[in-house]
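Here's a quick briefing to read with the model open in your viewer.

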Amino acid sequence: QVQLVESGGGLVQPGGSLRLSCVASGSISWYFMGWYRQAPGKERELVARISSGGLTNYAASVKGRFTISRDHAKNTVYLQMNNLKPEDTAVYYCNRPSSLITWGQGTQVTVSS
């Protein structure tokens, strides 16, 4: 069973940037991978996904500000987040949208002045 470990979160001021990383314990090269987030009191939502070949899709709320990428050799998926807003505050997770893997612990992102 592949395990996912997210990192890179933190406290940042509005307008700031963070880069999240998700390392998988096994190969994820053949699959779409995605970044999800869950804010307090809200359901988990998919905010970005990337195909094996690098095609990307974004939720409207993050389009133009977030960039998802991946490194097949490192079994790693990244999320570059720019121009962060308070409403981006959430725990961020990565996973495989087509067939969910056991969720990792996620990484907390807090956007506040």
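Burial labels first: buried means under 20% relative accessible area, exposed means over 50%, and partly exposed is anything in between, using a 1.4 Å probe and protein chains only. This is a predicted model, so local features need pLDDT of at least 70 and side-chain atom pairs count only at pLDDT 80 or more, while totals for chains, interfaces and linings use all residues. Residues are numbered from 1 along each chain as its sequence is written, and side-chain values use heavy atoms, with hydrogens and water left out. Helices (H or I, at least four residues) and strands (E, at least two) are DSSP runs, numbered from the N terminus.

**Charged network**

- Salt bridges here are a side-chain nitrogen of Lys or Arg within 4 Å of a carboxyl oxygen of Asp or Glu, and the structure holds 3 of them.
- R37 and E45 pair up through their side chains, with an N to O distance of 2.8 Å.
- E45 is partly exposed because its relative accessible area is 33%, whereas R37 sits at 6% and counts as buried.
- R37 also meets D88 in a salt bridge, at 2.9 Å from N to O.
- D88 makes another salt bridge with R65, where the closest N and O atoms are 2.7 Å apart.
- Here too distant parts of the chain are linked: R65 is in the loop between strand 6 (56-58) and strand 7, 23 residues from D88.
- R65 is buried at 10% relative accessibility, and D88 is buried at 0%.
- Through shared partners, the salt bridges join R37, E45, R65 and D88 into one network.

**Nonpolar core**

- A nonpolar core is a set of buried Ala, Val, Leu, Ile, Met, Phe, Trp, Tyr and Cys residues joined through side-chain atoms within 4.5 Å.
- The largest one has 28 residues, and L4, W35, V77, L79, M81 and Y92 have the most contacts inside it.
- Several strands each supply at least two residues of this core, among them strand 4 (33-38), strand 5 (45-50), strand 8 (76-81) and strand 10 (107-111).
- Strand 3 gives the largest share of the core, 4 residues.
- As background, nonpolar side chains tend to be buried together in soluble globular proteins.
- Taking contact as heavy atoms within 4.5 Å, V77 touches residues including L20, C22, I28, M33, W35, I50 and I68, not counting residues up to four places away in sequence.

- S21 lies in strand 3 (residues 18-24) and is buried, with a relative accessible area of 16%.
- Strand 1 and strand 3 run antiparallel and are joined by 4 bridges; two strands count as paired if DSSP finds at least two bridges between them.
- L4 stands opposite A24 in strand 3.
- Strand 1 (residues 4-7) has L4 and E6 on its covered face, with V5 and S7 on the uncovered one.

**Disulfide**

- With a disulfide taken as a pair of cysteine sulfur atoms within 2.5 Å, the structure holds 1.
- This bond joins C22 to C94, with an S to S distance of 1.7 Å.
- C22 lies in strand 3 and C94 in strand 9, so the pair ties together parts that are 72 residues apart in sequence.
- The torsion about the S-S bond of C22 and C94 is about 45°, so the disulfide is right-handed.
- Both C22 and C94 are buried.

**Positive phi**

- Most residues other than glycine have a negative phi.
- N75 is not a glycine, yet its phi is positive, about 50°.
- N75 sits in the loop between strand 7 and strand 8 and counts as buried at 17% relative accessibility.
- Contacts of N75 include C22, V23, A24 and G26, again not counting residues up to four places away in sequence.
- N83 also has a positive phi, near 50°; N83 is in the loop between strand 8 and strand 9 and is partly exposed at 41% relative accessibility.
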